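Welcome! Please open the sequence and the 3D view side by side, and let us walk through them together.

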Amino acid sequence: MSEKKPALWLRIFSFLVYAYIYFPILILIIFSFNTQKINVRWEGFTLKWYQVLFNDTNVILATRNTLMIAFVSTLVATVIGTMAALALQRYRFPGYTLTESILYIPVIIPEVVMGISLLAFFALFNFQLGLVTITLSHIAFNIPFVALVVRARLHGFDKSIEEASMDLGANELVTFWRVTLPTIMPGVLSGAMLAFTLSLDDYVITYFTAGPGSTTLPLRVFSMVRFAVTPEVNALSTIWVLTVFVILLVSQIMQRRQA
Amino acid sequence: MVADATQIKRKFSLLRLFRESTVAQGMALISPTTIYLLLFMILPMILVAVLSFMARGTYGNVIYSFNFQNYTRLVDPIYLRILLYSMGVGLATMLFTVLIGYPLAYFIARSPVRQRSLYLFLILLPFWTNFIIRIYAWIMILRTEGLLNTFLLNLGLIKIPLDILYTPTAVLIGMVYEFLPFMVLPLYTSLEKIENAQLEAAADLGARPWRAFLRITLPLSIPGMIAGSILVFIPAMGMFVVPDLMGGAKTVLVGNVIRNQFLTSRDWPFGAAGSVFLLILTLVFTLYYTRKAGFGEELLV
């Protein structure tokens with residue numbers, strides 16, 4: 001569709017939608033600095049809640065668990081998913097269409113279904129629920145997302161540069177490391193970033209596959225939120241939101257530069 | 001020595017075979033994915049399907065006796081009502097995300113190319129943060145002593161605070177907020193693809209902008225709308241976190257029922273039957289979509 005200046009009402013409407021998207025988050029951040037504990041009215045500025053947060057051992061433990069799960073599942077899913085993307089983009093093999101459609105399963109099915117399936121599976125095979133089962137589950141839903149994202153980025157890949165590399169005497173391995181991988185790296189990185197944030201964000205599947213002692217940050221936030229509205233939750237949310245914003249902005253800028 | 005030589009020779013010929021066979025290379029690259037997903041996604045789902053034909057023992061254990069009871073229980077009036085109610089919530093979420101998302105997607109598709117990715121990025125940005133945090137933000141706004149009530153009371157628009165939180169309305173507000181991007185992105189993808197020539201042709205033939213919109217833009221954006229609807233409707237029915245946090249005990253969706261069967265009532269076979277129902281629904285919708293629109297990239301974003 002061409003760029004034709006959008007009508008005024010459309011621009012106003014869109015502005016309002018953006019306001020609707022960002023307003024709750026803004027409120028969340030502002031009220032993390034509120035002195036009032038029940039957090040109803042603005043009373044005064046304080047950093048007290050951040051201090052409370054940094055001394056909350058449950059939160060610290062949950063953060064450690066979350067980051068560990070996210071790092072491991074991202075790493076594994078990125079490697080496996082990128083391989084799948086290369087396979088689907090460049091090769092034809094038996095079971096191609098079937099594999100392709102399996103990749104869409106976690107995109108479409110309700111998370112609760114995947115959560116209880118994994119729970120039933122782990123129960124049947126006597127897996128001890130905990131960090132390991134959470135990580136295994138995160139890898140499972142992350143592989144397809146990585147594969148789909150990387151594959152979409154492989155679309156415009158110019159195969160002739162690989163051929164040129166081989167003609168100049170490089171073998172497959174050298175060609176892959178020196179030519180292919182650097183070229184597809186932006187795609188791989190955005191796949192990895194998606195996997196990382198999906199893992200950080202996941203509540204439902206983690207909820208079903210977690211055991212005692214493996215509380216993650218989303219599980220922790222859930223129980224805090226259920227209990228009461230306190231500025232400590234706001235402080236935690238603020239840190240989380242700002243961290244994600246910074247990571248995304250940096251990666252966006254990096255991608256712009258490369259493009 | 002002789003054995004070594006033949007071994008080396010065989011190794012080389014295998015390697016050569018592998019180098020020359022693209023099928024083998026493709027299989028080697030895809031097999032980790034296939035194996036992993038078969039083990040940790042397909043097998044668990046098959047397990048649940050099998051489980052749905054079993055029965056619950058007295059202590060919440062699973063008894064291996066083949067029966068259809070769990071499925072007949074699904075159409076029991078209590079559960080049928082929940083089912084219909086969930087569909088209602090799913091449809092309402094879908095409707096509101098279309099009403100809000102369509103103009104927005106249209107606006108982005110019409111904006112200068114260089115700004116489009118920024119606008120899309122701005123839609124996605126908050127959704128990369130945790131979704132429980134986003135629900136929490138709405139709880140702060142909607143609760144009895146929350147910001148909305150404070151604001152309306154101060155303005156004198158209302159005399160007593162509105163009870164919005166812990167009602168179906170609150171659940172709907174939360175759902176629409178959560179699922180909006182899943183509607184906007186596929187809609188944008190299909191709107192963006194529309195050729196300008198078609199719209200110009202319509203204008204040349206004397207069609208008013210509105211008529212051109214109704215006859216060209218809208219029909220061509222239907223695939224995006226269907227893709228968005230699948231991505232919103234089915235996950236909304238299975239959602240149990242928003243009803244838990246924003247609906248109090250009043251709003252129970254299919255997702256809540258499944259969760260409860262697995263974690264509180266410990267009737268796994270019945271919970272499994274509920275999951276199979278959601279799975280079949282997903283399958284039917286997706287097949288319908290792929291038949292109608294072809295497997296579009298709309299579902300991907």
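A:Asn126 is exposed, with 6 other C-beta atoms within 10 Å. A residue is called buried if 20 or more other C-beta atoms lie within 10 Å of its own, exposed if 12 or fewer, and partly exposed in between, with C-beta atoms placed from the backbone. You can find A:Asn126 in the loop between α6 (111-124) and α7 (131-154) of chain A; helices (H or I, at least four residues) and strands (E, at least two) are DSSP runs, numbered from the N terminus. Its phi is near 55 degrees, a positive value in a residue other than glycine. Most residues other than glycine have a negative phi.

B:Arg266 sits in the loop between α13 and α14 (268-293) of chain B, and is partly exposed, with 16 other C-beta atoms within 10 Å.

## How to read this model

This is a predicted model, in which local features need pLDDT of at least 70, side-chain atom pairs count only at pLDDT 80 or more, and totals for chains, interfaces and linings use all residues. Residues are numbered from 1 along each chain as its sequence is written, while chains are lettered from A and ligands numbered from 1 in the order in which they are written.

The pLDDT is the predictor's confidence in each residue, from 0 to 100. Chain A averages 88, and 97% of its residues score at least 70. Within chain A, confidence is lowest in helix α8 (residues 160-167), at a mean of 82, and highest in helix α10 (residues 204-209), at 96.

## The build of chain B

Chain B has 14 helices and two strands. Its radius of gyration, taken over C-alpha atoms, is 26 Å, well over the 19 Å that the globule rule gives for 301 residues, so chain B is more spread out than a compact globule. The globule rule is 2.2 Å times the number of residues to the power 0.38.

The domain assignment, which comes from an automatic or database source, gives chain B a domain 1 (1-41) and a domain 2 (69-299). The C-alpha centres of these two domains lie 46 Å apart. Which part of chain B is largely enclosed by the rest of the structure? Helix α13 (residues 254-263) is, because eight of its 10 residues are buried, including B:Val254, B:Ile258 and B:Phe262.

## Where the chains meet

Two residues are in contact if their C-beta atoms, placed from the backbone, lie within 7 Å. By that test, 77 residues of chain B are in contact with 71 residues of chain A. Helix α2 (residues 22-51) of chain B gives the most to the chain B side, with 21 residues.

B:Ile133, in helix α6 (residues 131-142) of chain B, is buried, with 25 other C-beta atoms within 10 Å. Leaving out residues up to four places away in sequence, B:Ile133 touches A:Val221, A:Ser237, A:Trp240 and A:Val241.

## The largest nonpolar core

A nonpolar core is a set of buried Ala, Val, Leu, Ile, Met, Phe, Trp, Tyr and Cys residues joined through C-beta atoms within 7 Å. Of the 145 residues in the largest one, A:Ala84, B:Ala105 and B:Ile139 touch the most other members. Helix α8 (residues 168-192) of chain B gives the most to this core, with 16 residues.
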